Amino acid sequence: MKKIKFLVPILALAFFSCDNYLDINSPSPNDLAFDQASPSKLLPGAQVSAYRIQATTMNQLGNVFMNSWTRNVMSFGNGFDRELQLQIDNGFYNGIWDGLFRQIKNFDAIIKYPNPNGKYDLYVAAAKICKVHYMQEIVDLYGDSPYTQAWQGTANLTPAYDDDYAIYQSLVGELESARALIDNVDTSVADDITPYDVMLGGDTTRWTEFANTLQLRLCIRMSEVTGAKATFRDDKLAEIAAGPFLSDNVIVNPVFAAAVDQQNPEWGYFSYDAAGVVLQNRTFICMTGHAYKSLQSYATTNWAAFGNNYEIAPGTGVNYPNVTDPRSARLFTAGATGAPRRAVTQGSSVVDVTTPTGILTGLALPCRVGLAGNFNPYNQAASTGYDGIDGFVMTYSESCFLQAEAALRYPGLFSDGQSWFEAGISDNFDIRNAVGASAYTATINTKPYFGWTGSDTQILHAIMYQKWIALMGVYNPIQSFLDYTRTGFPYTPMSTIAVNPRKPYRLIYPVSEYVANSANVPAMTTAEIFTINSKTPFWVPGAN
């Protein structure tokens, strides 16, 4: 697949945002007033700053919740305690809500900017599409949220909460509006967005593909709804069934560079700082035993230490696939040069997973996040350096797996499910610079639950399993957690120290909401996020 690059020089622009989405802080008299910032000034900063939250905090939570990452117990006495124990309160990962609402304000400001003659139509279309991408993640993680009254600044400091399904309907409407703007833009009056669009370089075809793919994701998230909601979903699926969907990855890159505050944010958060000094995350985060067992064959794993019990999670009756995935060594590399591969079961206080003859005593460092398989997409770092690599807002692989699921569920509208499934695997091999995609696919397709074979339920698990591997690391794994919440797939073991019997259906609203918007924020207890009730996101089976 062709990898198109749209790189423009970093702009000497302030990244306009407020300290919270209610905009209660006065701007510095030395700065351009927020409401005076034109779309060309707002767009690049909004694109980069919103992505930064997805690339760091959200990536981390997705990997831990989906049992891909855990703590290096050989070097650290604690860490990820609340994540592994599932001790979730209104202080848990507040940066997701607070950060995304701040940045969506910038996209919303572009949409509301005076545009009497269509001068900013392309900016508005891009802003609407970006707003949908990030607002969906808020709704999926929190349910009801401020929307129609949000981002009004001092005009409304305490916005009401909208129903999550109503927000979904509005998000689809935003995508329809964005596509209409693109289709009907008057190029004789519209400003050229190309120099300021650090995601897709002003390519309107790509923006339409992104909008269609986001609408597909919204509809697929609603796969289990019934009644009027299902009718709405089916109508909106039919609207986009012909595509086009993503032909390439959606990336962001304002020309990231090896300088303070100019690095690719995921590299500067999980690996090395601008001075080349190793970050704590680089040594703290390690491979889980679940990831090891999923990606390695029985012959390369010390199964005897686990009583030769190959079941993924108790009660599922499904064993690990018994295939050494060529992506394994790219996703995670040995913790010490020449050492055998090792991993840690989530909740374990010792390194406990390795090769049949691997040593687990002494300095038995577990595998850490692989640079080549996470931070060197398509071998890009060979020319840009790791600091300058693209950030991935949405991958082509994710689009492929969405289309595979759509074909499985809605064969009257979508087709070629197996082809899309295999395309998603193939592109993920490419992005991770792994070899042997064809041989792996041929092998995995003989295994129900992991390849395209067996019943529809087994194939659905296979789609979720392969998407989990494809998004693992720095490619938006929070989407796999949301899929898991919706489908129960892929089967994923709980941390051994979890104090709750299942993963949460949602997060709790942050403390900032209970302080600044107490009259409107729904009361929420920890117990409620682990059961299906009126506060559960509407698309969770049984909640609608």
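Asn308 is partly exposed, with a relative accessible area of 43%, where partly exposed means between the limits for buried (under 20% relative accessible area) and exposed (over 50%), as found with a 1.4 Å probe on protein chains only. This is a predicted model, in which local features need pLDDT of at least 70, side-chain atom pairs count only at pLDDT 80 or more, and totals for chains, interfaces and linings use all residues. Residues are numbered from 1 along each chain as its sequence is written, and side-chain values use heavy atoms, with hydrogens and water left out.

Most residues other than glycine have a negative phi, and most peptide bonds are trans. Asn308 lies in the loop between α10 (289-295) and α11 (328-331); helices here are DSSP runs of H or I with at least four residues, strands are runs of E with at least two, and both are numbered from the N terminus. Phe80, likewise not a glycine, has a positive phi near 55°, and it is found in the loop between β1 (69-71) and α2 (81-85). Phe80 counts as buried, because its relative accessibility is 7%.

The peptide bonds can be followed next. The bond from Gly243 to Pro244 is cis, with omega near 5°, and Pro244 sits in the loop between α7 (227-240) and β4 (250-252). A cis peptide bond also joins Phe489 and Pro490, with omega about -5°, and Pro490 has its place in the loop between α18 (478-487) and α19 (511-516).

Helix α17 covers residues 456-471, and its 16 residues, at 1.5 Å a residue, should span 22 Å, which agrees with its end C-alpha atoms being 22 Å apart; the expected span is 1.5 Å times one less than the number of residues. Of the 16 residues of α17, 14 are buried, so the helix is largely enclosed by the rest of the structure. Just after α17, Gly473 takes a positive phi of about 95°.

How many disulfides does the structure hold? The structure holds 0 disulfides, a disulfide being a pair of cysteine sulfur atoms within 2.5 Å. Cys219 is in no disulfide, and the nearest cysteine sulfur, that of Cys400, is 18 Å away. Cys219 counts as buried, because its relative accessibility is 0%, and Cys130 is buried too, with a relative accessible area of 1%.
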